[in-house]
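Please look over the model shown here.

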Amino acid sequence: MSVEVLKTKAEQGLADQYTAARSGLPGAGNGWAEGLREAAWETYSSAGLPHRRIEEWKYTDLRALLRDAYPPAPALAEALTGEDVLAALGPVLAGLDCHRLVIVNGQFRLELSDAGGLEGKGEVFSLGDALGDPSHWLKQTLAQVNPPLNDTVVALNTALMTGGVAMRIADKAELGKPVHIVHMLTSGEAMSVTTRNVVVVGAGAKVTLLESYVSHGSAPAQRNAVTELVAGDGSQVHHIKFQNENPETAHLTSWMTRLGADVSYDAFQFSLGAAIARNQIFVAFAGEGSRSHISGAVLARGRQHNDTTMVVDHGVPGCESREFNKLVLDGSARGIVQCKAIVRKDAQKTDGHQMARALMLSDGAEFDSKPELEIFADDVVCGHGSTSGQVDAEQMFYLRARGIPEPQAKALLVAAFIGEVIEKVENESMREAFLKLTESWLAGEGEGG
Amino acid sequence: MLEIKNLHVKIADEETEILRGIDLALSKGEVHAIMGPNGSGKSTLAYVLAGKDDYEITAGSVTWNGEDITQMSPDERAAKGVFLAFQYPIEIPGVATMTFLRTSLNAIRKARGEEELSTPEFMRVVRERAEELKVSSDKLKRPLNVGFSGGEKKRQEILQMSLLEPTLCVLDETDSGLDIDALKIVAEGVNALRGPARAMLVITHYQRLLNYIVPDKVHVLSNGKIVRTGGKELALELEKSGYAEFGEAAA
């Protein structure tokens, strides 16, 4: 049975784009890659863009929020230099000592990257290139790492992805420096960018992966980015995201993560920019004795909309999960945290806890929090909590009684609030950078104002 | 000079008056004690002087050095030299004690038209004053007042007072929660700050503190009014007789 679904303007635009682009997308001509895209397009087009009647998208109605589908970014973006990349990152992050991998408008740009051969402990290549001649491991991995059921944004990404980073870290490798994937948008005109990263961390390896999402210029953009990450048994992964895109950007990212046994996974997401941001995180425990600690900091003002939606799936016994999110909301900003923990029948001795806290700086800001626990095992410890409140009046009075003027006192208290979650970033340079960026935001700088 | 005239105060949004006509004159170089039973309005007076906005002044005036301070914000008052040592110092998780001290000191210096202290100079001054008050450097590394005992918090208050060098010090039950050793240290810290340029208002329920910080005058506050004023010996008298005679009958 086929039901004709009325398409929105953006949906019609996407359909036209797929029809026009499919024969020219990376991997065209390769049966496996074409099959992957076709299947994904079917999944997407059967439902279209998610809207408010889809429970997971209740607060972020893409049918309503995306008026148009912007044209895809041109295959080869304008001439860019390393200086432009550093400028887009901003002075605070530009100085970070790291292996830098640069993706501009959906294309991995080797000449702008400085991976240093990953110290001989892994391999990095362009996903776009690899789709034309996929290796065995890529075929075993791509679109198969904890894929969310019926998530049409992820399906749309698979159908339209133009490139990104494919990376493997060798077993037992310990990288001396963080790997920093820079996702950069640069254009004078409105455009859409669809990128995909695949990262496989070998057993016992230790890696810190930073993904930053930044703009060079102020043109409107629609971004759909997915990172699939497999953490091998006994590996230790720090996975950090920094998002400071321009205030004309609709930002959709999905992290799909699968953890082996005895893995230590620490994730942190720091969101400052974009008009609309949806941060999806899907984590699955596939081996016993692992821990996943995910935290997030959101600073939003003006009319910014920031939605963090997570699903943590305990499929095996004896794992620990923590989700801790803090949001500072000013102006008419809207913050959303949805976090679902699933504890399957066999996942005994699961220890799961989630907390979301919002600090409201104005009467016009809104916070929606939706914790969900689906527990099918009987010997587990799980909990959730959520709070929202204003700056504490007693603390304000105390600071002001010590001569600190109101704006400065408020900035101190807000920085203290968000600092609690930024402190969870293990890498000192990144932590310091994020604290500095918070200070600038509080001083009224940055995007989204 | 601090001059309080016919001061009437109620809690904002409530009807009941807490201070019902206070008159007080405190000159620089003097230390006055305010004693009184619980609920007499002592802490309200302290908060009103510091500018807490939970209270509303319905009549009367408060001037400091001839300036009406009642319309000033708490930070403006602090810049004019007003300092309240809190009965219950506030814990602020996430704000490092040193960051707080430096922000506070520099804000006040700036308001006074003085230059900010350099980091090494600031560190030196804090270390010096902290040592005098037996505040360990470990405590200075923690978030402000978090996990401190009552006595440690009170010492932090006096440390702040010593750093900010206010000219009008209001000490609200600084003795509460202190054992005798801590009381002596705090009193020494306060006495070190006594001088011709500084006025002090010491609010306490018990006479004990006044053995160490000897006041020039003692005022008895009862039911929102000063019902008796005398010399330091009045405190001893109160210690013997209690506040019973200043109870409801005095109202």
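## Strand pairing in chain B

Strand β4 of chain B, residues 55-64, pairs with β5(B). The sense is antiparallel, and two bridges join the strands. In this predicted model, B:W64 sits opposite B:E67, a residue of β5(B).

The pair belongs to an open sheet of four strands in chain B. Their order is β2-β1-β4-β5, and the pairing is antiparallel. Which strands stand at the edges? They are β2 (17-26) and β5 (67-68) of chain B. Each has a single partner strand, so one side of each lacks a neighbour in the sheet.

## A helix across the sheet

Helix α1 of chain B spans residues 42-50. It lies across three strands of chain B: β1 (2-11), β2 and β4. Relative to β4(B), helix α1(B) runs at about 65°.

## Contact between the chains

How many residues does each chain bring to the contact? Chain A gives 17 residues and chain B gives 20 residues. On the side of chain A that touches chain B, the elements giving two or more residues are α9 (393-401) and α10 (406-422) of chain A. The largest share of that side comes from α10(A), with seven residues.

By class, the side of chain A that touches chain B holds eight nonpolar residues. Five charged and four polar residues are also there.

## Chain A overall

Chain A has eleven helices and 19 strands. Its radius of gyration is 21 Å. The globule rule gives 22 Å for 449 residues, so chain A is as compact as a globular protein of that length. Along the principal axes, the C-alpha atoms of chain A fill a box of roughly 70 × 55 × 55 Å.

Of the 449 residues of chain A, 54% count as buried. Contacts in chain A also reach across the sequence: among those between residues at least 6 apart, 84% join residues at least 24 apart.

## Confidence

The predicted model scores ipTM 0.96 and pTM 0.91. For chain B, the mean pLDDT is 92. In that chain, 98% of residues reach 70 or more.

Which elements of chain B have the lowest and the highest mean pLDDT? Helix α9 of chain B, residues 233-241, has the lowest, at 87. Strand β6 of chain B, residues 82-85, has the highest, at 98.

Methods. Residues are numbered from 1 along each chain as its sequence is written. Chains are lettered from A and ligands numbered from 1 in the order in which they are written. This is a predicted model: local features need pLDDT of at least 70, side-chain atom pairs count only at pLDDT 80 or more; totals for chains, interfaces and linings use all residues. Two strands pair if DSSP finds at least two bridges between them. Two residues are in contact if their C-beta atoms, placed from the backbone, lie within 7 Å. Axes are lines fitted to C-alpha atoms, for helices over the stretch in contact, and angles run from 0 to 180 degrees between N-to-C directions. Ala, Val, Leu, Ile, Met, Phe, Trp, Tyr, Cys and Pro count as nonpolar, Asp, Glu, Lys and Arg as charged, and the others, Gly among them, as polar. pLDDT is the predictor's confidence in each residue, from 0 to 100. The radius of gyration is taken over C-alpha atoms; the globule rule is 2.2 Å times the number of residues to the power 0.38. A residue is buried if 20 or more other C-beta atoms lie within 10 Å of its own, exposed if 12 or fewer, and partly exposed in between; C-beta atoms are placed from the backbone.
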